[in-house]
Amino acid sequence: MNSQYGMVFYPQNACFKKVSPEHRNQVLAGLSSEGFLGELFSIRYEGQKKAQTGYLIGDKFLKLITFLGCSPHIAVSPPENIADWGNFCHIEIQQHQNPIFFKGLNNSRSSCPQCKSRVAKMLPEMQQWIPDSMHIVCPKCHQTSLVEDLNWRHSAGFGTFFIIIHSIYPNEAVPTDQLLNIFKHESGSFEPWDYFYYEL
Ligand SMILES: [Zn+2]
């Protein structure tokens, strides 16, 4: 079950790659030892067919993310009542067989990589995305770009492998450089890492 808001990390160059189970396990073990990922949980609420699973935040998590503004109100253990699920900050690892377009914010901020003008395709069209196939022409400088090469400015992403932090509001928090370095280091060939926010 998705929370209403979250922050998603993804390796940009894994866009066209399949992630092997061994590589995935290696990445997760590294993120655990660095204190980003906590324990795996599984909880089934009354009336729900499926258990909710994910990772608790690790013991160094709050040092690896910088919350902007006043202190964050985040719940770090699974709520007793499923109605409170939306405030529960936890981590989900999402993996796909084939690369997907992952919608982030409701208003994407895609812009031309050459002149920075706003260029966009409608969401239903983006949801049909497959790599290396969808082009867009900038109305201002007439540059043709693949949609995955636009500058998405933390509003959406592409790929097969995503690390989702649920229940962080858009722009409420930013990763520290240390966290981005941990992702890069622990994932070997996956880099650079970027991130975006999502809202339902
Ligand atoms: Zn342009």
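Predicted model: local features only at pLDDT ≥ 70, side-chain atom pairs only at ≥ 80, totals over all residues.

Me: OK, how many helices and strands does the protein chain have?

Reply: The protein chain has 4 helices and 10 strands, where helices (H or I, at least four residues) and strands (E, at least two) are DSSP runs numbered from the N terminus. Starting at the N terminus, the order of elements is β-α-β-β-α-β-β-α-β-β-β-β-α-β. The radius of gyration is 17 Å, close to the 16 Å from the globule rule for 200 residues, so the chain is as compact as a globular protein of that length; the radius is taken over C-alpha atoms, and the rule is 2.2 Å times the number of residues to the power 0.38.

Me: And what does the C-alpha trace span along its principal axes?

Reply: The C-alpha trace spans about 55 × 35 × 35 Å along those axes.

Me: Switching to S8, is that strand mostly covered or open?

Reply: Strand S8 (residues 156-166) is mostly covered, with 10 of its 11 residues buried. A residue is buried if 20 or more other C-beta atoms lie within 10 Å of its own, exposed if 12 or fewer, and partly exposed in between, with C-beta atoms placed from the backbone.

Me: Which way does S1 run against S8, and what about S5?

Reply: Strand S1 (residues 5-11) runs antiparallel to S8 and is joined to S8 by 4 bridges, and Val8 stands opposite Ile164 in S8. Strand S5 (residues 91-103) is also antiparallel to S8, with 9 bridges between them, and Phe102 stands opposite Gly157. Two strands count as paired if DSSP finds at least two bridges between them.

Me: Which residues have the most contacts inside the largest nonpolar core?

Reply: They are Met7, Val8, Phe9, Phe36, Ile91 and Phe196, in a core of 41 residues; such a core is a set of buried Ala, Val, Leu, Ile, Met, Phe, Trp, Tyr and Cys residues joined through C-beta atoms within 7 Å. S8 gives the most to this core, with 7 residues.

Me: What does Ile91 touch?

Reply: Leaving aside neighbours within four places in sequence, Ile91 is in contact with Leu37, Gly54, Tyr55, Ile57, Ile163, Ile164 and Ile165, where contact means that C-beta atoms, placed from the backbone, lie within 7 Å.

Me: Now the domains: how far apart are the centres of domain 1 and domain 2?

Reply: Taken over C-alpha atoms, the centres are 26 Å apart. The assignment gives domain 1 (5-106 + 154-199) and domain 2 (110-151), with bounds from an automatic or database domain assignment. Across the boundary, 6 residues of domain 1 are in contact with 6 residues of domain 2, and S5 gives the most to the domain 1 side, with 3 residues.

Me: Last one: is Asn25 buried or exposed?

Reply: Asn25, which is in helix H1, is exposed, with 10 other C-beta atoms within 10 Å. Asn25 and Phe190 are 165 residues apart in sequence and 14 Å apart in space, C-alpha to C-alpha.

Note on methods. Residues numbered from 1 in each chain as written. Contact = placed C-beta atoms within 7 Å.
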